[in-house]
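Subject: Structure handover

Hello,

Here is the structure I promised to pass on. Please load it first, then read the notes below it.

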Amino acid sequence: MSTPTRKHTALPKAQILIEALPWLVRHNGKTVVIKFGGNAMIDEDLKAAFAQDVVFLHHAGLKPVVVHGGGPQISAALDQHGIVSEFKAGLRVTTEDAMDVVRMVLAGQVQRELVGLLNQHGPLAVGLTGEDAHTITATKHQPEIDGELVDIGRVGEITAIDTGAIEALLADGRIPVVSSIARSQDDGHVYNVNADTAAAALAAALDAETLMVLTDVEGLYEDWPHSDEVISRLTAAELERLLPDLSSGMVPKMEGCLHAVRNGVTTARVIDGRVQHSILLEIFTDEGIGTMVVPDEQEGDAA
Ligand SMILES: Nc1ncnc2c1ncn2[C@@H]1O[C@H](COP(=O)(O)OP(=O)(O)O)[C@@H](O)[C@H]1O
Ligand SMILES: CC(=O)N[C@@H](CCC(=O)OP(=O)(O)O)C(=O)O
């Protein structure tokens, strides 16, 4: 008499796990910098799913580093303080008083919340700002608008990255969570740095494999705002040609992606943070869900 084959109802789960094997092998030990935009922090469920994904990557053998934004949260807090938000060249005009609020919201509110969510899964996340251990050093940034240098207050341009503190945390099995605030070594002031720019600079300095930018759109739209056709893949040179035509929030993101892939990062991706578990979909499946930027020499290669 032959032994009847048992019906293993969990078999599809094993199938899903095994499909992830090539990606697990490929990404094992690699650093991935994940930028979580303020606009993608829509609700509690999404934030909790984000934390699960990051912890999953950690336990899957990757080294995630989180850099968070908080633009809408800063605007709301400034509003409460009676300070009007104004943006020039895509950057927040940051007075000395506004800088206190920016720092309070990013380091004291958004970063604390993400650290708390990650640490529900174990003693993993450690928050820091670019001020800590000289992680991000900046100087006053003066954008050029219509041929003139414009003063937008305490907005920083990154001059140096010291990866020591982040690398020590990664070596200790922790998940660094970084707020995009920097200190100047010249004038001692604290500066507000765009979080996309900070994430890209950190990804390059850390020699990360991937920069992943989570935002509130599906990716880079080809003809925004007229169509919702997403560009799924483009090379650094193609992106460089597109940059002058991009507007608002996409400018620092795509400039950051370009900087990253031109400085050793293998892929930079802009993905939809409103989709639950978008990080896992992007890392562990064939179906990349957003826009992927690759260095020029990889043109035509499979990513
Ligand atoms: N070509 C484009 N494709 C997609 N979004 C674009 C494009 N150009 C401008 N945008 C705008 O950029 C926004 C994302 O940037 P931002 O508001 O700074 O988000 P985050 O808080 O995630 O950094 C989108 O919601 C969209 O309004
Ligand atoms: C100089 C500058 O504009 N800094 C940004 C920093 C936060 C940020 O970049 O947040 P998102 O990623 O959510 O846009 C700001 O003050 O809004």
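Start with ligand 1. A polar side-chain atom of Asp216 lies 2.7 Å from one of the oxygen atoms of ligand 1. Lys253 also makes a polar approach: a polar atom of its side chain is 2.5 Å from an oxygen atom of this ligand. On its own, ligand 1 has 590 Å² of accessible area, and the protein covers 84% of that.

Bear in mind that this is a predicted model.

Ligand 1 sits in the largest pocket. Two elements each give two or more residues to its shell: β13 (210-215) and α9 (250-262). In total, 18 residues surround ligand 1. Asn39, Thr215, Asp216, Tyr221 and Lys253 are the closest of them. Sorted by class, the shell holds six nonpolar, eight polar and four charged residues.

**Ligand 2**

Where does ligand 2 sit? The space it takes is the largest pocket. There are 14 residues around ligand 2. Lys35, Gly38, Arg92, Asn192 and Ala195 come nearest.

- Arg92: an N or O atom of the side chain is 2.7 Å from an oxygen atom of ligand 2.
- Gly38: a backbone N or O atom lies 2.8 Å from an oxygen atom of ligand 2.
- Asn192: an N or O atom of the side chain is 2.9 Å from an oxygen atom of ligand 2.

Taken alone, ligand 2 exposes 430 Å², and the protein buries 92% of that area. By class, the shell around ligand 2 has five nonpolar, seven polar and two charged residues. As for the elements, α4 (71-80) and β4 (91-92) each supply at least two residues of this shell.

Lys35 is among the residues that come nearest to ligand 2.

**The chain as a whole**

The protein chain has 10 helices and 16 strands. Its radius of gyration is 20 Å, close to the 19 Å that the globule rule gives for 303 residues, so the chain is as compact as a globular protein of that length. The C-alpha trace spans about 85 × 40 × 35 Å along its principal axes.

**Backbone points to check**

The peptide bond that joins Trp224 and Pro225 is cis, with omega about 0°. Pro225 is found in the loop between β13 and β14 (233-235). β13 is also one of the elements that give two or more residues to the shell around ligand 1.

The other spot is His134. Its phi is near 55°, a positive value in a residue other than glycine. His134 is found in the loop between β5 (125-129) and β6 (136-140).

Best wishes

Methods
Residues are numbered from 1 along each chain as its sequence is written. Chains are lettered from A and ligands numbered from 1 in the order in which they are written. This is a predicted model: local features need pLDDT of at least 70, side-chain atom pairs count only at pLDDT 80 or more; totals for chains, interfaces and linings use all residues. Side-chain values use heavy atoms; hydrogens and water are left out. A residue is near a molecule or strand if one of its heavy atoms lies within 4 Å of it. A polar contact is a pair of N or O atoms within 3.5 Å; within protein, one must be able to donate a hydrogen and the other to accept it, and residues adjacent in sequence count only if both atoms are side-chain atoms. Accessible areas come from the Shrake-Rupley method with a 1.4 Å probe; for residues, only the protein chains shown count as cover. On a 1 Å grid over the protein atoms alone, a cavity is a set of points where a 1.4 Å probe fits but cannot get out, and a pocket is an open set with protein on both sides within 12 Å along at least five of seven lines; lining residues have an atom within 4 Å of a point. A molecule sits in a cavity or pocket if more than half of its atoms lie within 2 Å of its grid points. Helices (H or I, at least four residues) and strands (E, at least two) are DSSP runs, numbered from the N terminus. Ala, Val, Leu, Ile, Met, Phe, Trp, Tyr, Cys and Pro count as nonpolar, Asp, Glu, Lys and Arg as charged, and the others, Gly among them, as polar. The radius of gyration is taken over C-alpha atoms; the globule rule is 2.2 Å times the number of residues to the power 0.38.
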